[in-house]
Amino acid sequence: MTRFAPLGLAVTLALAAPAALAQQAAPATPTGIAAPPAPAAPGMPAARPADVASIDAIVAALYDVISGPAGAARDWNRMRSLFAPEGRMGAVGARPDGSYVFRAMTPDDYIARNTKAFATMGFFESEKARTVETYGQIAHVFSTYEARHAKDDAQPFVRGINSIQLIHDGKRWYVLSLVWRAEDAKLPLPERYLRNG
């Protein structure tokens, strides 16, 4: 998954705040048990149950679905199925003048920006380390990534952090937001993010 020029989980900015699920849950009943969640928005592809059964599974699916050799078709419906209906993505990067820019996008924006690049360039993003915080049905995953043009490249061409917010609706995990920042000369990855925390 800089990430503005090289790539990352969203490839580049040029190529490339979480919202609620399609409907908000009904108010809690007197017993404190919420009503069942609303079904996914019409037109949302169904997720593979194994992809959304756990935090480990959904993070692995995020990395897997965008990775592949040049010209290999990605399963974009699989990617869409990992996100909440109003899920968002975004990239943070430094401009040459030292200022910073944030590019927000939907999963479909990401797909549109990167389909052409993936047709001519191999891209394999993998997770190097992870820190997870959970509370009830919410989770925050700080996932250190490495990206390579070929699966067996000795060194990644870019590294950085994917900040992933997840929510569980009682049946499965969803990605609410995914924001990434690539490492650069002025912002090396701290040692604590190079090992599991």
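Colleague: Why is Trp-180 called buried?

Modeller: The label rests on relative accessible area, computed with a 1.4 Å probe on protein chains only: buried means under 20%, exposed over 50%, and partly exposed in between. Trp-180 comes out at 0%, so it counts as buried. Its place is in strand E6, where strands (E, at least two residues) and helices (H or I, at least four) are DSSP runs numbered from the N terminus. Its C-alpha is 5.5 Å from that of Ile-161, a residue 19 places away in sequence.

Colleague: What kind of model is this, and which residues count?

Modeller: This is a predicted model, where local features need pLDDT of at least 70 and side-chain atom pairs count only at pLDDT 80 or more, while totals for chains, interfaces and linings use all residues. Residues are numbered from 1 along each chain as its sequence is written, and side-chain values use heavy atoms, with hydrogens and water left out.

Colleague: How many helices and strands does the chain have, and what pattern do they follow?

Modeller: There are 3 helices and 6 strands, and along the sequence they read α-α-β-β-α-β-β-β-β. Of the 197 residues in the chain, 41% count as buried.

Colleague: What makes a set of residues a nonpolar core?

Modeller: The members must be buried Ala, Val, Leu, Ile, Met, Phe, Trp, Tyr or Cys residues, joined through side-chain atoms within 4.5 Å. The largest such core here has 34 residues, of which Met-79, Tyr-110 and Leu-166 touch the most other members. At least two residues each come from helices H1 (55–66), H2 (76–82) and H3 (107–120) and from strands E1 (83–94), E4 (138–148), E5 (158–168) and E6 (173–182). H1 gives the most, with 8 residues. As background, nonpolar side chains in soluble globular proteins tend to be buried together.

Colleague: Which residues does Leu-166 touch?

Modeller: Contact means heavy atoms within 4.5 Å. Leaving out residues up to four places away in sequence, Leu-166 touches Ile-55, Ile-58, Gln-137, Ile-138, Ala-139, Val-141, Trp-173, Tyr-174 and Val-175.

Colleague: Why is H1 described as largely enclosed?

Modeller: Because 9 of its 12 residues are buried; among them are Ile-55, Leu-62 and Tyr-63. Tyr-63 is also one of the residues touched by Thr-144. Thr-144 lies in strand E4 and, with a relative accessible area of 1%, is buried as well.

Colleague: How do you know that the length of H1 agrees with expectation?

Modeller: The expected span is 1.5 Å times one less than the number of residues. For the 12 residues of H1 that should be 16 Å, and the end C-alpha atoms are 18 Å apart, which agrees. H3 agrees too: its 14 residues should span 20 Å, and its ends are 21 Å apart.

Colleague: Where does H3 bend, and how is the angle defined?

Modeller: The angle is taken between axes fitted to the seven residues ending at a position and the seven starting there. For H3 that gives about 40° at Asn-114. Asn-114 is one of the buried residues of H3, as are Tyr-110 and Phe-118. The buried residues of H3 pack against H1, H2, E1 and strand E2 (100–105).

Colleague: Why are Trp-76 and Phe-118 called a stacked pair?

Modeller: Rings of Phe, Tyr and Trp (its six-membered ring) pair when their centres lie within 6.5 Å; planes under 30 degrees apart count as stacked, over 60 as edge-to-face, and the rest as tilted. Here the centres are 6.1 Å apart and the planes at 20°, so the pair is stacked. With 13% relative accessibility Trp-76 is buried, Phe-118 is buried at 3%, and Phe-123 is buried at 0%. The whole structure holds 5 aromatic pairs, and ring pairs link Trp-76, Tyr-110, Phe-118, Phe-123 and Phe-157 into a cluster.

Colleague: What makes a charge count as sitting over a ring?

Modeller: NZ of Lys or CZ of Arg must be within 6 Å of the ring centre and within 35 degrees of the ring normal. Arg-74 lies over the face of Phe-118, 4.2 Å from the ring centre. Arg-172 has its charged end over the ring of Tyr-174, 3.7 Å from the centre.
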